[in-house]
Amino acid sequence: MFNIYCTNDKLNGESKLSMNLISREELKQKLDRGDKFKLVNALGEWAFNAKHIPGSINISKIEDAKKILNPDDDIVIYCSNEACIASIIGYQLLTRMGYKNVRRYAGGIEDLEEAEYPLDGSIVS
């Protein structure tokens, strides 16, 4: 078993998995300004089709990431909520493969939905 922490220090001598995060407010500002970045939904295709952040692309396989993403792209990866591991695993794989500008939006779809931001998908009313 291993623990995942989103900070850069140690807890009781145990190394933590560090991660660059982006807040809801910062993500919303990037979207509103029309910043050039890749917003990556790390969930499976059916979940993406059901509900996703407008403007995002679905990448649930590392082979697809290699085809769609450039190592120098500004990338924000997300999934359903803070406890969802898809974006954690995706973040780690991308950074280990040399992608330099990756951040995780930990709150994911659930966080934006709670803030009443618009979402796209087949189950969005």
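A charge sits over a ring if NZ of Lys or CZ of Arg is within 6 Å of the ring centre and within 35 degrees of the ring normal. Keep that in mind for the exercises below.

This is a predicted model, where local features need pLDDT of at least 70, side-chain atom pairs count only at pLDDT 80 or more, and totals for chains, interfaces and linings use all residues. Residues are numbered from 1 along each chain as its sequence is written, and side-chain values use heavy atoms, with hydrogens and water left out.

**Exercise 1. Find which ring the charged end of Lys28 sits over, and which ring Lys30 lies over.**

Step 1: Start at Lys28; its charged end is over the ring of Tyr117, 5.1 Å from the centre.
Step 2: Go to Lys30, which lies over the face of Phe37, with 4.7 Å to the ring centre.

**Exercise 2. Work out the order of the strands in the open sheet.**

Step 1: Take E1 (residues 38-41) and E3 (residues 74-78): they run parallel and four bridges join them. Here Val40 stands opposite Ile77.
Step 2: Now pair E1 with E2 (residues 57-58), again in the parallel sense, over two bridges. Look for Asn41 opposite Asn58.
Step 3: E2 and E4 (101-105) are the edge strands, each pairing on one side only.

**Exercise 3. Describe the largest pocket and its lining.**

Step 1: Learn the rule: on a 1 Å grid over the protein atoms alone, a pocket is an open set of points where a 1.4 Å probe fits, with protein on both sides within 12 Å along at least five of seven lines; lining residues have an atom within 4 Å of a point.
Step 2: Note the volume, the space filled by probe spheres set on the points: about 170 Å³.
Step 3: Look at the 13 lining residues; closest to the centre are Ile59, Ser60, Lys61, Gly90 and Leu93.
Step 4: Check the helices: H3 (62-68) and H4 (86-96) each supply at least two lining residues, and H4 gives the largest share, five.

How values were computed: Pairing = 2+ DSSP bridges. Nonpolar A, V, L, I, M, F, W, Y, C, P; charged D, E, K, R; others polar.
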